[in-house]
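Subject: Structure handover

Hello,

The structure is below, followed by notes on what was found in it. Please read the notes with the model open.

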Amino acid sequence: MPENLPDDALSEQSNATLHIRKNFLSLSSADLEDARAYLMRFARLQLRNEAWAEDAVAETLLAAVQRPDAFDGRSSRNTWLVGILRNKIVDQIRLHTRECSLATDDDRLDIEDEVFGADGHFSERPSEWGRPESELREKQFLAVMEACVERLPDQQGRVFLMKEWLELDSDTICKEIDIQPTNLWVLLHRARLRLRECLQQMWFDPATTRP
Amino acid sequence: MRWMMSCREASRLTTEASYRTLAPLERGLLVFHRSMCRDCRRFAAQMALLDRSMTMWRAGGRDENMRP
């Protein structure tokens, strides 16, 4: 707590924090359902298993209700909950390591054979994606990207999100889902190639109608 | 690794560069390849856009107002 603040200001600050915590505790069931739905989107995307996602979200909400003091009101309530959810998702991945390391048929399909010809050149020349600044300003673009992430094969999607969304380091990911670093690079590469293909079709291809 | 790699190899190094530090030889070969290959320069630009959009998407998870 800053030392140079007068007593009144300090008291005002603690009252504000207390008010925020009280507000959190007084969540209605509708608020809880909203928060649950919001968290389920993230959990489903990452875990790709409804039961695991339900468990992660239930544990998140339980942790939040048990430790409301941890909410300092500096971020929004949902942002705080997502922070807890990240840890609960990692717990679920640890709990289901074996299933997470199993590759599906889609994971085995080599996207590289589609993108590159036998001579190692691009089968279809990469197109100009325009000015990133103007594209990224659009929330719609992020919505399309999220839809593309959802379409990734299970193992590729999980590994990609462990790296990109949970921001786990490579050693941790390899350990958690029991794969070698070379396999990790291949999975991440394939995930990116698939995302690129999906974004090309759903956003950048002028022949496609934007959502 | 040959001094002139294929686009397939170059694309793999390009995506790996988002996640690990490339060895000096790998970096040199990639720079050389890109200097002569427009397709791979475009691919690198696409990956850079993907990186920036992932950063925004991650930020969206921390700030719900930025969520789509």
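The term pLDDT stands for the predictor's confidence in each residue, on a scale from 0 to 100. It applies here because this is a predicted model.

Confidence

Chain A as a whole averages 79, and 75% of its residues score at least 70. For chain B the average pLDDT is 84, with 82% of the residues at 70 or above. Chain B also has a stretch, residues 62-68, where the pLDDT is below 50; in the model this stretch makes 16 contacts beyond near neighbours in sequence. Where pLDDT is low, the predicted coordinates should not be read in detail. For the complex, the predictor gives an ipTM of 0.86 and a pTM of 0.75.

Chain A overall

Chain A has 12 helices and 0 strands. Of its 211 residues, 27% are buried. Counting contacts in chain A between residues at least 6 apart in sequence, 72% join residues at least 24 apart.

Domains and core

Chain A is divided into two parts: domain 1 (7-95) and domain 2 (103-204). The contact between them takes 8 residues from domain 1 of chain A and 10 residues from domain 2 of chain A. On the domain 1 side, α2 (29-47) and α4 of chain A each supply at least two residues. The most comes from α4(A), with 5 residues. By class, this side of domain 1 has 4 nonpolar, 1 polar and 3 charged residues.

The largest nonpolar core has 51 residues. Those with the most contacts inside this core are A:Leu39, A:Ala43, A:Ala56, A:Leu85, A:Met145, A:Val159 and A:Ala191.

Leaving aside neighbours within four places in sequence, A:Leu85 is in contact with A:Leu39, A:Phe42, A:Ala43, A:Ala56, A:Val57 and A:Thr60.

A covered helix

α10(A) is mostly covered, with 10 of its 11 residues buried. The buried residues of α10(A) include A:Val159, A:Phe160, A:Leu161 and A:Met162. Also among them are A:Arg158, A:Lys163 and A:Glu164.

The contact between the chains

Chain A gives 34 residues to the contact with chain B, and chain B gives 29 residues. Which elements of chain A give two or more residues to the side that touches chain B? They are α4 (77-95), α8 (132-136), α9 (139-150), α10 (154-164) and α12 (181-204) of chain A. The largest share of this side, 7 residues, comes from α9(A). By class, the side of chain A that touches chain B has 16 nonpolar, 9 polar and 9 charged residues.

- A:Arg48 is found in the loop between α2 and α3 (50-66) of chain A. This residue has a positive phi of about 55 degrees although it is not a glycine.

- A:Asp178 lies in the loop between α11 (170-177) and α12 of chain A. A:Asp178 has a positive phi of about 60 degrees and is not a glycine. With 11 other C-beta atoms within 10 Å, A:Asp178 is exposed.
- A:His96 is found in the loop between α4 and α5 (97-100) of chain A. A:His96 has 17 C-beta neighbours inside 10 Å and so counts as partly exposed. A:His96 and A:Glu176 are 80 residues apart in sequence, and their C-alpha atoms are 9.3 Å apart in space.

Regards

Note on methods
Residues are numbered from 1 along each chain as its sequence is written. Chains are lettered from A and ligands numbered from 1 in the order in which they are written. This is a predicted model: local features need pLDDT of at least 70, side-chain atom pairs count only at pLDDT 80 or more; totals for chains, interfaces and linings use all residues. Helices (H or I, at least four residues) and strands (E, at least two) are DSSP runs, numbered from the N terminus. A residue is buried if 20 or more other C-beta atoms lie within 10 Å of its own, exposed if 12 or fewer, and partly exposed in between; C-beta atoms are placed from the backbone. Two residues are in contact if their C-beta atoms, placed from the backbone, lie within 7 Å. Ala, Val, Leu, Ile, Met, Phe, Trp, Tyr, Cys and Pro count as nonpolar, Asp, Glu, Lys and Arg as charged, and the others, Gly among them, as polar. A nonpolar core is a set of buried Ala, Val, Leu, Ile, Met, Phe, Trp, Tyr and Cys residues joined through C-beta atoms within 7 Å. Domain bounds come from an automatic or database domain assignment.
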